[in-house]
Protein chains: 2
Amino acid sequence: MKKPLILVTNDDGITAPGINALVDVAKSLGEVVIVAPNSPQSGMGHAITIHDPIRLHKAKVFKGIEAFECSGTPVDCVKLAKNVILKGRVPDLCVSGINHGSNASINIIYSGTLSAAMEASLEGIPSIGFSLLDYAYNADFNPCKPYLKKIMKYVLEKGMMEGSLLNVNIPKLTAEEIKGIRVCRQAEARWVEEFMENEDPRGQKIYWLTGKFENEDNGEDTDVWALENGYISVVPSMHDLTNYKAIPHLVALSSSSLLKQ
Amino acid sequence: MKKPLILVTNDDGITAPGINALVDVAKSLGEVVIVAPNSPQSGMGHAITIHDPIRLHKAKVFKGIEAFECSGTPVDCVKLAKNVILKGRVPDLCVSGINHGSNASINIIYSGTLSAAMEASLEGIPSIGFSLLDYAYNADFNPCKPYLKKIMKYVLEKGMMEGSLLNVNIPKLTAEEIKGIRVCRQAEARWVEEFMENEDPRGQKIYWLTGKFENEDNGEDTDVWALENGYISVVPSMHDLTNYKAIPHLVALSSSSLLKQ
């Protein structure tokens with residue numbers, strides 16, 4: 001059997017330990033090509049680079065593995081991989097991460113890691129975003145590796161429902177403490193922001209975004225619940241943002257030309 | 001009756017003609033506060049500024065209307081409006097745009113205009129993103145104004161289903177040609193990219209993102225169909241990205257600890 005082709009990317013940048021851990025698992029399952037940002041791109045969401053040129057260079061960061069670093073966003077990386085680097089070869093799987101920090105619940109919409117996976121899913125490539133609930137640079141990515149392999153193998157074998165990607169979050173636990181995997185929905189949580197006001201060296205006022213994550217969704221079928229209870233959470237996510245349930249509430253808005261009324 | 005408070009933002013920047021047109025309509029319906037980026041932020045998606053400070057200044061661009069320009073992304077603008085500028089006053093409505101160019105179909109995930117509206121919806125603020133299918137700087141925003149007013153009034157009166165926002169796109173037509181408003185779903189379309197390869201003045205290779213929009217979704221209930229047939233499209237959108245239909249396909253992935261197997 002031909003080895004599957006696995007595209008690896010992330011948003012913490014090509015030198016982050018998290019992508020190293022992901023490459024370790026990916027290379028045991030197939031041929032790996034890496035295209036990742038040349039600098040941290042956390043919080044970039046689904047941003048793309050329109051007004052500036054993008055630079056792309058070969059990177060010698062992973063022995064024996066083809067790797068490229070890109071000046072753009074995580075979504076740019078996936079677009080460049082498909083159109084410039086792989087030129088028509090379609091990956092069997094795209095994995096993004098492992099992110100240093102949670103992308104559970106509403107974090108998915110701010111996350112470069114998950115946006116890269118979503119971009120791949122738009123191209124029909126089965127894709128998964130992985131995140132560990134540990135912001136530390138030297139976080140321990142080893143305990144989750146067997147689970148990552150299980151999830152990646154599952155997707156390689158079964159494929160993915162069209163238009164879907166998986167948002168996988170991993171609790172900060174030892175191998176003994178991880179209870180297993182749960183398939184979940186996205187918890188209805190949000191960030192409560194506070195801005196830190198400060199002054200730059202020239203006395204000009206500046207603001208730093210800060211805040212805390214607040215979850216008031218107690219459903220035991222949510223990713224936040226799974227993570228708080230020792231499980232790895234797997235949420236199937238999608239790019240069709242239509243709120244179908246809201247359509248009937250809006251019918252009165254439909255109209256003919258206002259000129260004719 | 002107290003005048004409603006309307007927060008106005010965009011992604012083309014505070015000096016773009018589109019936001020001017022939106023302010024024109026908004027001020028006929030309530031008290032307006034503007035917080036918009038100080039430079040174009042198209043394609044920024046749901047990006048937030050984490051690694052840099054954000055600057056915020058009063059802007060004297062709209063006579064008699066409180067306005068602020070911000071160095072951050074459209075989503076940052078909404079966060080700053082809520083937490084720093086309005087300090088506890090909650091807008092009755094947030095409107096974003098009018099974007100110069102379409103945000104129909106999959107464009108919603110790349111769009112700063114719609115991401116700003118989504119951010120407001122996360123805060124429980126009824127919100128609408130408006131876009132005109134004309135990229136020109138001097139696009140004619142007048143024909144759509146009566147429709148914008150109708151849609152904004154509707155939302156001010158009826159509110160919005162929780163977690164929803166409206167994605168409104170306007171065809172490039174005269175007032176006589178616009179047939180009316182249709183409530184739709186997001187068409188299943190995508191961008192087919194090509195990168196323009198070029199060299200910078202120092203002979204280094206650079207890439208520019210380019211591409212064309214391809215729609216293979218012929219549904220007459222889609223936003224693309226509505227726009228091609230002379231209607232203003234209104235899609236209720238949401239931030240819960242869970243693909244509920246995919247959950248049953250993944251049950252086999254659920255597991256207990258791999259150590260115990």
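First, the ground rules. The model is predicted, so local features need pLDDT of at least 70, side-chain atom pairs count only at pLDDT 80 or more, and totals for chains, interfaces and linings use all residues. Residues are numbered from 1 along each chain as its sequence is written, and chains are lettered from A and ligands numbered from 1 in the order in which they are written.

Start with the pair of chains. How is chain B laid on chain A? A turn of 180° and a shift of 0.0 Å along the axis do it, with an RMSD of 0.0 Å.

Now the interface itself. Contact here is C-beta atoms, placed from the backbone, within 7 Å.

Next, the sheets. Helices (H or I, at least four residues) and strands (E, at least two) are DSSP runs, numbered from the N terminus. Two strands pair if DSSP finds at least two bridges between them.

Where do the chains join? Strand S8 (residues 180-183) of chain A and strand S12 (residues 255-256) of chain B run antiparallel, joined by two bridges. A:Ile181 is opposite B:Ser255 there.

Further into chain A, S1 (residues 5-9) and S2 (residues 31-37) pair in the parallel sense over four bridges. A:Val8 has A:Ile34 as its bridge partner in S2(A). Axes are lines fitted to C-alpha atoms, for helices over the stretch in contact, and angles run from 0 to 180 degrees between N-to-C directions.

The other open sheet of ten strands reads S12(A)-S8(B)-S11(B)-S7(B)-S6(B)-S5(B)-S1(B)-S2(B)-S4(B)-S3(B), again with mixed pairing. In chain B, S1 (residues 5-9) and S2 (residues 31-37) are parallel and joined by four bridges. B:Leu5 stands opposite B:Glu31 in S2(B). Helix H4 (residues 112-122) of chain B packs on this sheet, touching S1, S5 (93-100), S6 (127-132) and S7 (164-170) of chain B, and its direction makes about 170° with that of S6(B).

On to helix pairs in chain A. The axes of H2(A) and H4 (residues 112-122) come within 7 Å and cross at roughly 30°. They are therefore roughly parallel; angles under 35 degrees count as roughly parallel, over 145 as roughly antiparallel, 65 to 115 as roughly perpendicular and the rest as oblique. The contact includes A:Val75 and A:Val78 of H2(A) and A:Ala116 and A:Ala120 of H4(A). Its residues divide into six nonpolar, three polar and two charged.

H1 (residues 17-26) and H5 (residues 145-158) of chain A also meet, with axes within 10 Å and a crossing of roughly 55°. That pair is therefore oblique. A:Ala21, A:Asp24 and A:Val25 of H1(A) meet A:Lys145, A:Leu148, A:Lys149 and A:Met152 of H5(A). Four of these contact residues are nonpolar, none polar and three charged.

Most residues other than glycine have a negative phi, and most peptide bonds are trans. A cis peptide bond joins A:Gly97 and A:Ile98, with omega about -10°. A:Ile98 sits in strand S5 of chain A. B:Gly97 and B:Ile98 are also joined by a cis bond, with omega about -15°. B:Lys87 has a positive phi of about 40° although not a glycine. B:Lys87 is in the loop between H2 (74-85) and S5 of chain B.

Methods:
Two residues are in contact if their C-beta atoms, placed from the backbone, lie within 7 Å. Ala, Val, Leu, Ile, Met, Phe, Trp, Tyr, Cys and Pro count as nonpolar, Asp, Glu, Lys and Arg as charged, and the others, Gly among them, as polar. Copies are superposed by least squares on the C-alpha atoms of residues with pLDDT of at least 70 in both.
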